[in-house]
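Hello,

Here is the structure we talked about handing over.

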Amino acid sequence: MLIKHLSALLFSSTLAFSQTAFSASADDNPYTLVYKGAITENLPNEVNIHPVTYDLHGIKIAANVYTPPGFDVKKRYPTVVVAHPNGGVKEQVAGLYAQRLAKQGFITIAADAAYQGASGGEPRYIDVPANRISDIHGMADFISAFNGVDTGKIGVLGICGGGGYSLAAAQTDKRFQSVATLSMFNSGRVRRNGYIDSQIDTIQSRLADTSEAKKHEIEDGTVEYVGGQSLTREEIAKLPFELYREGLEYYGFTHKHPNSQSKYTKSSLLELMRWDATDHIDLINQPLLMIAGSEADSLYMSENAFKLAVNAKDKDLYLLKGATHIDTYWKTEYVDDAVSKLDAFFKDTL
């Protein structure tokens, strides 16, 4: 079997084998940004980037704050917190959308999750819902004290796995006046049931395996990881799900970043497999916008969450026609469409 745990593979990208596919190196950008149109220097009357660090429960968090053209600290701006995908970092798709929204007049922040990316925390690549949700609250904490932020006008945008965690954060954190997701990925459901609910019959055996990994972690300090395989493009092409094929292409080739890792501690599954992004989703009473590709094989997760968000105000499920999950991360026509929709949504609701 090529990959033992399909549910461990990451989520996002584009089968970009053609010569027209975008690719960038972190070494080519002074801020190690790897998306098209990324900032290379701060210029007057343009979007500027501000690398920052802050403490979150004793862990050093690394983030980038983007300010809009003509930024004036004496003014107050609507602000959007952007949560990155599972395995992703702030320099990839989260940074792209943060920069694009800043161009529309918002202050934005994209931070690396605790235990991941350039943020601190040991052991590395813990990925549990409580931490990821706390990361989103933490971004709101930090950005609320940033010069120019209107603390009464803060929204949240969660991308892929960050989308599921943003739904959870917004259930109780009403500082978020409005909530948006892009290609939402329900990490708990997938870790529990497998992608497209393809591994339901192995739940108990995987839980037993996870519990054994946790036992060794406690007894002798051995940390076992899931995912992180280095596959060739030929091996990737044989995987059964479009999201995993395109995600491994995005993260491993076209938008590779040294801080982005698809692996996570196996013991994280003890938390992930009993959690679901739609638990208590009825607590969301803010305006809700969910954006997804019409051709994404992950669309079922956005549709399910949208249906269950019964108390969200003026909710909207917006489909990017023709897009797959990873297409929404970088293909110009879909990014432009999504940003236009997000710009109007946040300006209407913040």
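The structure holds 13 aromatic pairs. One of them joins Phe 106 and Phe 346 edge-to-face, with 6.1 Å centre to centre and 70° between the planes. This pair links distant parts of the chain, 240 residues apart: Phe 106 sits in the loop between helix H1 (93-103) and strand S4 (107-111), and Phe 346 belongs to helix H11 (residues 332-349). Phe 106 counts as buried because its relative accessible area is 1%, under the 20% cut-off. Phe 346 is buried as well, at 0%.

Tyr 250 and Tyr 251 also form an edge-to-face pair, at 5.0 Å between centres and 85° between the planes. Both of these tyrosines are buried. Elsewhere, ring pairs connect Phe 185, Tyr 195, Phe 241, Tyr 244 and Tyr 300 into a cluster.

Please keep in mind that this is a predicted model.

Two arginines lie over ring faces. Arg 233 is placed over the face of Phe 253, 4.2 Å from the ring centre, and Arg 124 over that of Tyr 125, at 5.6 Å.

The other arginine to look at is Arg 189, in helix H4 (residues 187-193). Its relative accessible area is 16%, so Arg 189 is buried. The side chain of Arg 189 makes a polar contact with the side chain of Asp 197, at 2.7 Å. Beyond its neighbours within four places in sequence, Arg 189 is in contact with Gly 194, Asp 197, Trp 275, Asp 276, Tyr 300 and Asn 304. Tyr 300 is also one of the residues in the ring cluster.

Regards

Conventions: Residues numbered from 1 in each chain as written. Predicted model: local features only at pLDDT ≥ 70, side-chain atom pairs only at ≥ 80, totals over all residues. Heavy atoms only, no water. Helix = DSSP H or I, 4+ residues; strand = E, 2+ residues; numbered from the N terminus. Buried < 20%, exposed > 50% of the residue type's maximum accessible area, 1.4 Å probe, protein only. Polar contact = N/O pair within 3.5 Å; in protein donor to acceptor, adjacent residues only side chain to side chain. Contact = heavy atoms within 4.5 Å. Phe/Tyr/Trp six-rings, centres within 6.5 Å; stacked < 30°, edge-to-face > 60°. Lys NZ or Arg CZ within 6 Å of the ring centre and 35° of its normal.
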